[in-house]
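Here's a quick briefing for anyone meeting this structure for the first time. Take a look at the sequence and the model, then read on.

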Amino acid sequence: MRIPGPAEIRALHEKYAPTTEAFALVHRHCETVWGIAEQLLAAPHLAHLDAELVRAGCLLHDIGVYRLYADDGRLDHRNYIRHGLLGHEILEAEGFPDTLRRFCSHHTGVGLTRQDIVSQGLPLPPADYVAVTEEERLVMYADKFHTKSRPSVFLSPDEYAAHIRRFGEDKVTAFQALRAEFGDPELTGPVPGFEAEGGGRTAAAHA
């Protein structure tokens, strides 16, 4: 399988971003998530993972967000839960294989199940959108530590666990399992991909 590199993925972001502001927000977030994942990949027990695939997954995972911008530049927060599937559709239209498309559709929260969708009345086709491979789980996990709010902020593991608790203790348990699998990222210093905003960590609740 051919894995697109950073330049090719950046061009895709530029193609679909409706404004330069949207591009800066989404693409910078994706780069930051890769910076976090890259840091975690340095752990010896994760040396067997496909780093190139993880990088592509991080850089592509939120490309569907662009489809949620209205003509006036506002983001459709009400349907934000759909951004993963919208990204999946973009990559499918671009001819990318399912292995890459799944990074879009299977990274939301700590995994969306059919039961979640039905019980919460979410605007998604009922199915399990859960990260399965180690690379998918790492991308999903790294994404939890950085938000696209204004200003963009980092979240500590404990902050994210507190945020996810409102969706049920099973979600907290799933997040803690990811922590045990991949470890806690170091967010007190500069994170690759985030230097443009000064690096470091800002304490804040999830927006």
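**Around R114**

Leaving aside residues up to four places away in sequence, R114 touches P126, A127 and D128; contact here means heavy atoms within 4.5 Å. This is a predicted model, so local features need pLDDT of at least 70 and side-chain atom pairs count only at pLDDT 80 or more, while totals for chains, interfaces and linings use all residues. Residues are numbered from 1 along each chain as its sequence is written, and side-chain values use heavy atoms, with hydrogens and water left out.

- You'll find R114 in helix α6, residues 114-120; helices (H or I, at least four residues) and strands (E, at least two) are DSSP runs, numbered from the N terminus.
- R114 counts as partly exposed because its relative accessibility is 45%. The cut-offs are under 20% relative accessible area for buried, over 50% for exposed, and partly exposed in between (1.4 Å probe, protein chains only).
- From C-alpha to C-alpha, R114 and L124 are 9.3 Å apart in space, and they are 10 residues apart in sequence.

**The nonpolar cores**

- A nonpolar core is a set of buried Ala, Val, Leu, Ile, Met, Phe, Trp, Tyr and Cys residues joined through side-chain atoms within 4.5 Å.
- The largest one has 52 residues, and V54, I63, Y66 and L138 touch the most other members.
- Helices that each supply at least two residues of this core include α1 (6-16), α2 (20-41), α3 (51-60) and α9 (169-182).
- The biggest giver to this core is α2, with 11 residues.
- Another core, of 6 residues, lies apart from it, and L85, I117, L122 and Y129 are among its members.
- Not counting residues up to four places away in sequence, I63 touches L12, H13, Y16, G87, I90, L91 and C104.

**Helix α3**

- Is α3 mostly covered or mostly exposed? It's mostly covered: 7 of its 10 residues are buried.
- The buried ones in α3 are L53, V54, A56, G57, C58, L59 and L60.
- Among the elements covering the buried residues of α3 are α1, α2, α4, α5 and α7.
- At the start of α3, a side-chain oxygen of D50 comes to within 3.2 Å of the backbone nitrogen of E52.

**Cysteines**

- How many disulfides does the structure hold? The count is 0, where a disulfide is a pair of cysteine sulfur atoms within 2.5 Å.
- The closest cysteine sulfur to that of C58 is in C30, 8.3 Å away, so it's too far for a bond.
- C58 counts as buried, at 0% relative accessibility.
- C104 isn't in a disulfide either, with the nearest cysteine sulfur, that of C30, 8.5 Å away.
- C104 also has 0% relative accessibility, so it counts as buried.

**Aromatic rings**

- Searching the whole structure turns up 5 aromatic pairs. Rings of Phe, Tyr and Trp (its six-membered ring) pair if their centres lie within 6.5 Å; planes under 30 degrees apart count as stacked, over 60 as edge-to-face and the rest as tilted.
- Y141 and F145 are edge-to-face, because their ring centres are 4.9 Å apart and their planes sit at 90 degrees.
- Both Y141 and F145 are buried.
- Y141 also forms a tilted pair with F175, at 5.8 Å centre to centre and 40 degrees between the planes.
- That pair links distant parts of the chain, with Y141 in helix α7 and F175 in helix α9, 34 residues apart.
- Ring pairs join Y141, F145, Y160, F175 and F182 into a cluster.

How values were computed: A polar contact is a pair of N or O atoms within 3.5 Å; within protein, one must be able to donate a hydrogen and the other to accept it, and residues adjacent in sequence count only if both atoms are side-chain atoms.
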